[in-house]
Amino acid sequence: MDIPCSLQERKILEKIALAAQELKVPAYLIGGFVRDKLLGRRTKDMDIVCVGDGIALAHKLAASLGDHVPVSFFKTYGTAQVKWNDLEMEFVGARKESYRQESRNPEVTEGSLQDDQNRRDFTINALAISLRDEDYGSLLDPFNGLADLDAKIIRTPLEPAQTFSDDPLRMMRAIRFASQLQFTIVPEAFQAIQENAERIRIITQERITDEFNKIMLSPKPSVGLDLLYKSGLLKIIFPQMIDLVGVEMYEGKGHKDNFYHTLQVVDNIAQHTKDLWLRWAALLHDIGKPATKKFEPGHGWTFHGHDAVGGKMVTRIFSRFKLPMGDKMKLVKKLVELHLRPISLTKENITDSAIRRLLFDAGDDIDGLMLLCEADITSKNKVKVKRYLENFELVRARMKEVEETDRIRNWQPPITGEIIMETFALTPGRVVGDLKTAIREAILDGEIPNTYEAAYAYMLEKAKSYNLTPVK
Ligand code: CTP
């Protein structure tokens, strides 16, 4: 075997080989597993291609593994899946495919291994390892995929326009691999992506989003994001990002290029977290800037309210990308809305009440917010960067102090709506809400201490202005 495999993987490959011999079908290990093993990356998904019936091979293997190994299969596609321990094996018969211009559903006919390798996306994904008796373990590499792996190159086995037109998602896959593996797309392939970018429209949003998220999770997402931009794909799949591109000049004054600034912020945060949603927050933190941009004479470019406008845009963008609309979306929206707050704290005297408010508004997401704010520092001026970072350290220290005395994160005021209603025999309504808010604000502003007694006394006092007296 030409690739480094664990004992368990060796054992399963031998069993597959035996099952294939019994069925008299040539079988091969192919695709991502071979690529990733050669690169020393972790992988658990094996793709097996055989010249014959893939579903029958999957059943034969499952039977040899014991009584209770299930096979899930799709007759229409001729594919089958077997899960064993933590390995997932996908079986398919070798295919020859041709695609029609208006659809991504291919016409599939049986083919040889070579046919099957021809129809794969990239040379580094077309590497196969034989599971046949006569040459077990040898690498079958008709397109020099191994050399491309070494040279860190992404190249298509066939003419690139053909490969991308066959399945336009491959344009995003090329960029995703470039970003994930830090590989270079060969110029003729990149040019074909530019020429075929429009074809991405026939791909479902779910598949596009899946690839986009893999780019976001790559070690340096800016590589993939910039390639998406330069290929013309970003304009189609994410036009709001394009609005961030460029520098406008007026009266000799320009603003920073918000697109490249954003890419830098995403890279910065990626160095500190693998959390996809914090990376999305970095991607969207300035998305409201184009809509709020103004030139104010004597002052320069401003983007007032871009935090709030950006927050609103998050919902629409998540919906367009078919991303989860629950807690994850709320987190990203909250961070976009709050991303200027810590920096504004560092400009004035940091009061306890400002710290308390920030802790209250951010709740458990405060650490994510601070990561975003630190990532947002992209100044080239080292002195400035140092000053900002020191200020953030100060904010962190003050937050710790306030948190220790106040426990304000995820805090609820000591007087609830129920207590207000009981005290004054009220039914739910505006007055109850007003009183509750007044108490909360008084505590956050440090006007009264964060205790039940103080809050109760404040409520009684405040209630007088509503002509309310306690009933008990
Ligand atoms: N493939 C392809 N065209 C696609 C998708 C997949 O040619 N649009 C082929 C490639 O040979 C690929 C294999 O099918 O290696 C398996 O695809 P998949 O599991 O989706 O991707 P991997 O390459 O394994 O990579 P990853 O697991 O990182 O997605």
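Helices and strands here are DSSP runs, numbered from the N terminus: a helix has at least four residues and a strand at least two. With that in hand, select Lys152. Lys152 sits in the loop between helix 5 (145-151) and strand 10 (153-154). Remember as you go that this is a predicted model.

**Stop 1**

What is its phi near? The value is near 55°, which is positive, and Lys152 is a residue other than glycine. Most residues other than glycine have a negative phi. Is Lys152 buried, partly exposed or exposed? Its relative accessibility is 43%, so Lys152 counts as partly exposed.

Now jump to Asn467. Asn467 is found in the segment after helix 24 (452-464). Its phi is also positive, near 55°, and Asn467 is not a glycine. At 73% relative accessibility, Asn467 counts as exposed, because exposed means over 50%.

**Stop 2: the ligand**

How many residues surround the ligand? There are 13, and the closest are Arg35, Asp121, Asp167, Arg170 and Arg176. Colour this shell by residue type.

Next, look at single contacts. Pick Asp167: a polar atom of its side chain lies 2.8 Å from a nitrogen atom of the ligand. Pick Arg120: an N or O atom in its side chain is 3.0 Å from an oxygen atom of the ligand. Then pick Asn125. Here a polar backbone atom is 3.0 Å from an oxygen atom of the ligand.

How much of the ligand does the protein bury? Taken alone, the ligand exposes 560 Å², and the protein buries 74% of that. Two elements give two or more residues to the shell: helix 2 (32-39) and helix 7. Helix 7 gives the most, with 4 residues.

**Stop 3**

Arg120 lies in the loop between helix 4 and strand 8. Its relative accessibility is 16%, so Arg120 counts as buried; the cut-off for buried is under 20%. Arg120 and Thr156 are 36 residues apart in sequence, and their C-alpha atoms are 8.0 Å apart in space.

Select Arg119. Arg119 also has its place in the loop between helix 4 and strand 8. Arg119 is buried, with a relative accessible area of 16%. Where does its side chain make a polar contact? The partner is the side chain of Asp116, at 3.0 Å.

**Stop 4: aromatic rings**

Show the side chains of the aromatic residues. The structure holds 16 aromatic pairs. Start with Phe122 and Phe177. Their ring centres are 6.0 Å apart and their planes stand at 85°, so this pair is edge-to-face. Why does this pair tie together parts that are 55 residues apart in sequence? Phe122 lies in the loop between helix 4 (113-118) and strand 8 (128-130), while Phe177 lies in helix 7 (residues 169-181). Phe122 counts as buried, at 1% relative accessibility. Phe177 counts as buried too, at 1%.

Move to Phe295 and Trp301. This aromatic pair is edge-to-face, with 5.1 Å from centre to centre and 75° between the planes. Both Phe295 and Trp301 are buried.

Then select Phe212, Phe238, Trp277, Trp280, Phe318 and Phe321 together. Ring pairs link these residues into a cluster.

**Stop 5: charges over rings**

The charged end of Arg176 sits over the ring of Phe177, 4.2 Å from the ring centre. Arg176 is also one of the residues closest to the ligand. Now select Lys289 and Phe303. Lys289 lies over the face of Phe303, 4.7 Å from the ring centre.

**Stop 6**

Finish with Glu248 and Arg409. Glu248 lies in the loop between helix 12 (239-242) and strand 12 (249-250). Its relative accessible area is 40%, so Glu248 is partly exposed. How many residues separate Glu248 and Arg409 in sequence? They are 161 residues apart in sequence, and 41 Å apart in space, C-alpha to C-alpha.

Notes
Residues numbered from 1 in each chain as written. Predicted model: local features only at pLDDT ≥ 70, side-chain atom pairs only at ≥ 80, totals over all residues. Heavy atoms only, no water. Phe/Tyr/Trp six-rings, centres within 6.5 Å; stacked < 30°, edge-to-face > 60°. Buried < 20%, exposed > 50% of the residue type's maximum accessible area, 1.4 Å probe, protein only. Lys NZ or Arg CZ within 6 Å of the ring centre and 35° of its normal. Near = heavy atom within 4 Å. Polar contact = N/O pair within 3.5 Å; in protein donor to acceptor, adjacent residues only side chain to side chain. Areas by Shrake-Rupley, 256 points an atom, 1.4 Å probe, with all protein chains shown as cover.
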